[in-house]
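Student: Please take a close look at a single part of this protein. I would like the local picture, then the setting around it.

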Amino acid sequence: MTEPALAEPRAYILGGNASTLAFVSSLIPENRQIAAWLVPIAWTPIGVAIGENWQKVSIAADNVPGWADQTFSPDDERSFVTSLRDLEMLLRIGWNAPAPTELTEAAIVNPEDIPEDVLDGIAHPPEVLTQCAICRRTCVRDHFVWNERRMCAWDYHATVFGKRGPWRNEPYEARYFETLPKAKYVAGGLLEDVGVDAILAIDGLDDALSQSLIVTAMAGDPGAHLAVRTEGGYTLLRERAVPPPGEAT
């Protein structure tokens with residue numbers, strides 16, 4: 001039995017930065033313009049997310065390398081530009097392919113030019129992206145929402161798990177579980193920034209049992225606590241005690 005032929009690569013990546021990935025599928029000019037696609041991306045604590053909604057833009061046919069170099073400025077630490085030498089060769093031969101309907105590694109002409117974390121993001125299904133309500137960073141739309149405000153992971157952790165968050169010094173009563181903060185996940189590295197420890201992580205257990213474990217842990221562990229509903233269950237956080245002045249941390 002003959003194996004089906006692999007799909008021919010149809011997207012040449014020009015470059016990317018903290019919020020955008022650009023590619024072309026045809027380097028044959030139309031009205032002295034080359035069409036490029038801008039794909040939104042979000043850098044998160046668990047990796048890069050690729051957005052669903054692409055934007056089509058036109059680039060002057062005689063300035064595609066210059067456009068890429070200027071658009072993805074080295075001033076952005078996430079910025080990268082792929083091989084302009086290869087791009088110029090493709091321009092000379094008038095490379096042309098149908099635009100892909102989705103961006104996958106198999107559809108990319110030059111995956112070796114792409115940072116590994118971006119390539120990892122391309123391997124996952126696309127997400128709906130938005131801008132953080134606080135810092136305007138591109139983020140996944142519904143991963144972190146607090147008081148109807150969509151946030152990036154960094155601002156959510158700082159706001160909800162910071163000093164002004166809904167901390168409790170007593171175990172939760174049953175009714176409080178209805179109003180717990182909800183988050184896609186809790187990022188351990190970001191907890192360090194706000195002086196918080198994750199002391200209990202529950203995944204895949206019955207809801208009543210999970211809540212009982214949280215109440216028991218809070219009752220037996222002095223200090224301020226905060227429970228969070230995550231995608232798979234709950235995480236219980238504890239606020240670190242501030243050491244007395246002059247005492248080593």
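Asp 142 counts as partly exposed, because its relative accessibility is 46% (buried is under 20% relative accessible area, exposed over 50%, partly exposed in between, with a 1.4 Å probe and protein chains only). This is a predicted model: local features need pLDDT of at least 70, side-chain atom pairs count only at pLDDT 80 or more, and totals for chains, interfaces and linings use all residues. Residues are numbered from 1 along each chain as its sequence is written, and side-chain values use heavy atoms, with hydrogens and water left out.

Asp 142 sits in a loop. Strand S8 (138-140) lies on one side of that loop and strand S9 (145-146) on the other (strands are DSSP runs of E, at least two residues; helices are runs of H or I, at least four; both are numbered from the N terminus). The protein has 13 strands in total, along with six helices.

Now the side chain. Asp 142 makes a polar contact of 3.0 Å with the side chain of Arg 150. Another polar contact, of 3.3 Å, links the Asp 142 side chain to that of Arg 141 (a polar contact is a pair of N or O atoms within 3.5 Å; within protein, one must be able to donate a hydrogen and the other to accept it, and residues adjacent in sequence count only if both atoms are side-chain atoms).

Next, the wider setting. Ala 68 is 74 residues from Asp 142 along the chain, and their C-alpha atoms are 31 Å apart. The C-alpha trace of the protein spans about 70 × 55 × 30 Å along its principal axes. Of the 249 residues, 39% are buried.
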